[in-house]
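I opened a new notebook page for this model.

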Amino acid sequence: MEDKVLSIDHMKKVYGDLVVLKDISLSVKKGEVVSVIGPSGSGKSTLLRCATMLEKMDGGELTYLGERAAYEENGKCVYAPKADLKRIRKHYGLVFQNFNLFPHYTVLKNIMDAPVCVDRVPRQEARERAISLLGQLGLEDKMNVYPYQLSGGQQQRVSIARALALQPEILFFDEPTSALDPELTGEVLRVIRELAAQHMTMIIVTHEMQFARELSDRIIFMEQGIIQQQGTPEEIFTAPNARVREFIGKFAG
């Protein structure tokens, strides 16, 4: 049980009459890399937003490292007390597709801010942690510049460093390369590959099929708010069901 970082059981999400997530169950083990693929509007980003509590679930159960963040009671979704949620939120980090950096902060301050203000990490320790991460990501010479002075790929690497600065157990990526041109996409995918080599636990929503195939331990294909097929890259790419074959074929072409 303890090697499960994340468990989602029968997650549901509804917007008015639109059921975006119908019944999603999945678990992620420590060190596992899971890619989520599927057409636009299939619920992939909503799954990440519910898993990271940016959106409230309408049903099901959400558990991190054995601690329940949300569960169903009398037909309603109930969240753990605030103090518990604050602790649970430290287990994960999220990297958005549009970077979401603070434009008026330097790169260094963007990375230091949450450890200092949220986790109460001493400023010097947060600074050392940030500089070390910038070194790992090849951005040590950019610590005093502002986001607008960076390329899109550099901004996304800063946002990855910012997520890592909180030392999460699991990282979520919501289409981390969709706002980038192909040349810049490569540098971000390279960083994610390096994290995988360090056994970082990750869930990646992506349209990069070849990348998902090479990197993932498991691939989940979502459509119409449910998981239509999941398996190893080998299973998904060599024995897909008819719908997955059609979807993958569009990218292969």
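I call a residue buried under 20% relative accessible area, exposed over 50%, and partly exposed in between (1.4 Å probe, protein chains only). By that rule Arg87, at 39% relative accessibility, is partly exposed.

Ground rules. The model is predicted, so I take local features only at pLDDT of at least 70 and side-chain atom pairs only at pLDDT 80 or more, while totals for chains, interfaces and linings use all residues. Residues are numbered from 1 along each chain as its sequence is written, and side-chain values use heavy atoms, with hydrogens and water left out.

**Entry 1: cores.** I looked for nonpolar cores (sets of buried Ala, Val, Leu, Ile, Met, Phe, Trp, Tyr and Cys residues joined through side-chain atoms within 4.5 Å). The largest one has 39 residues. Which members touch the most others? They are Ile160, Phe173, Leu195 and Met202. I then listed the elements that each supply at least two residues; among them are α5 (152–164), β8 (170–174), α6 (182–197) and β9 (201–205). Helices (H or I, at least four residues) and strands (E, at least two) are DSSP runs, numbered from the N terminus. Helix α6 gives the most to this core, with 7 residues. A second, separate core holds 33 residues, including Val36, Leu47, Leu48 and Ala51.

**Entry 2: Ile160.** I set aside neighbours within four places in sequence. Contact here means heavy atoms within 4.5 Å. Ile160 then contacts Val95, Leu137, Phe173, Val188, Val191 and Leu195.

**Entry 3: salt bridges.** I required a side-chain nitrogen of Lys or Arg within 4 Å of a carboxyl oxygen of Asp or Glu. How many salt bridges does this rule give? I count 14.

Asp58 and Lys13 pair at 3.9 Å, N to O. Asp58 sits in the loop between α1 (44–51) and β4 (59–64) and Lys13 in strand β1 (residues 4–15), so the bridge ties together parts 45 residues apart in sequence.

Asp84 and Arg87 pair at 3.5 Å, N to O. Both lie in helix α2 (residues 82–89), 3 residues apart, about one turn of the helix. Asp84 is partly exposed at 27%. I also found Glu67 linked with Asp84 and Arg87 in a network of salt bridges.

Glu125 and Arg129 pair at 3.1 Å, N to O. They are 4 residues apart in helix α4, about one helical turn. Glu125 is partly exposed at 39%, whereas Arg129 is buried at 16%.
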